[in-house]
Amino acid sequence: MHALPRPVAVVVGAGGVLGAAHVGIGCALEQRGFVPDMIIGTSVGALNGAIAAAHPESAAPWLDHVWTRLRRREVYPLGWPSSRAGIFTDRGLRRLIAHSGLPSRIEQLAVPFTAVAMDLSTGAPALLDHGNLESALLASAAVPGILPPVNRDGRTLVDGGVIAYVPVLAALQAGAASVVVLATGPECSPLSPTVPRLRAGAIAARAGLLLMHHQIERDVQEVARRIPTVVLPTGIDAWPAPWDFGHSQRLISTASRTAGRFLDELHVSGPGLYRLDGPPTEASAGPGEASSSSVSEVAL
């Protein structure tokens, strides 16, 4: 990790309850003395990333404390008053942010930080790197139809995972010379060529999984052609339901062990994609560019 070109961006993807795996990966990074130069997060990754940016050398205890005590009713509370713009109110998320040891403004974080949301009017990404931190995190996590949109600086913003589930392009735009990706969920892993049961729910779920997978692959591959892109593994193959917070400790411990072993074997040799899903890809050279260094295979 210390051989990665600076500045290094940590990119923390979306995933809802699966964000507990981010905590395990972050613990492995912290144990090895790694501190990023910038952090970019989407949705739950924005909250985890903001906590890491506030406590760059001691985020793991903060995040572990938050995640191992979370319950569904605390994050997605039902009841009056409700909003016509979402099934749940955002008061649970506001309480969670208030108890996370965060400053009021993004500029006050110890590590430069960006929360990624989506402009509901234009569909463009909204890169929130200054101003009120709470509204930035609420906007980045405002799952359409589930939590209400956030009005910020004259724009109506929703969950950044819609357009940038893993916001590596935002890291490249911010000037990162290398990227470390914390991504969770089955859509972030190689997909088996299976046909679901011919039922409406199963078909819709498979189509959504493919949609997110192709978006992630497109963005990661584009960035890897230019700079070293390290995708840290979680080792998790049984993911809980999106509303089930009871598996946080399992996700944290499994991801910590798996990411730690991966990091101990990692060798970076130039631009390319470094991950566990088969032989790493070699970045292809563009017009007028020299061929990039080949990427070493990393195996556990």
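This is a predicted model: local features need pLDDT of at least 70, side-chain atom pairs count only at pLDDT 80 or more; totals for chains, interfaces and linings use all residues.

The axes of α2, which covers residues 44–54, and α3, which covers residues 59–67, cross at roughly 140° and come within 9 Å.

The residues that meet are V44, N48, I51 and A52 on the side of α2, and A59, W62, L63 and W67 on the side of α3. Sorted by class, this contact is made up of seven nonpolar residues and one polar residue, with no charged residues.

## The second largest pocket

The second largest pocket has a volume of about 520 Å³, and 25 residues line it, with G185, P186, C188, S189 and P190 lying nearest its centre. Two elements give two or more residues to this lining, namely α8 (200–224) and β8 (228–232), and α8 gives the most, with three residues.

By class, the lining of the second largest pocket holds 13 nonpolar, seven polar and five charged residues.

## Confidence of the model

Across the protein the pLDDT averages 86, and 89% of the residues score at least 70. Over residues 278–300, however, pLDDT stays under 50, although the model has 48 contacts beyond four places in sequence for these residues.

Key: Residues are numbered from 1 along each chain as its sequence is written. Side-chain values use heavy atoms; hydrogens and water are left out. Axes are lines fitted to C-alpha atoms, for helices over the stretch in contact, and angles run from 0 to 180 degrees between N-to-C directions. Helices (H or I, at least four residues) and strands (E, at least two) are DSSP runs, numbered from the N terminus. Contact means heavy atoms within 4.5 Å. Ala, Val, Leu, Ile, Met, Phe, Trp, Tyr, Cys and Pro count as nonpolar, Asp, Glu, Lys and Arg as charged, and the others, Gly among them, as polar. On a 1 Å grid over the protein atoms alone, a cavity is a set of points where a 1.4 Å probe fits but cannot get out, and a pocket is an open set with protein on both sides within 12 Å along at least five of seven lines; lining residues have an atom within 4 Å of a point. Grid points are joined across faces, edges and corners, and a volume is the space filled by probe spheres set on the points. pLDDT is the predictor's confidence in each residue, from 0 to 100.
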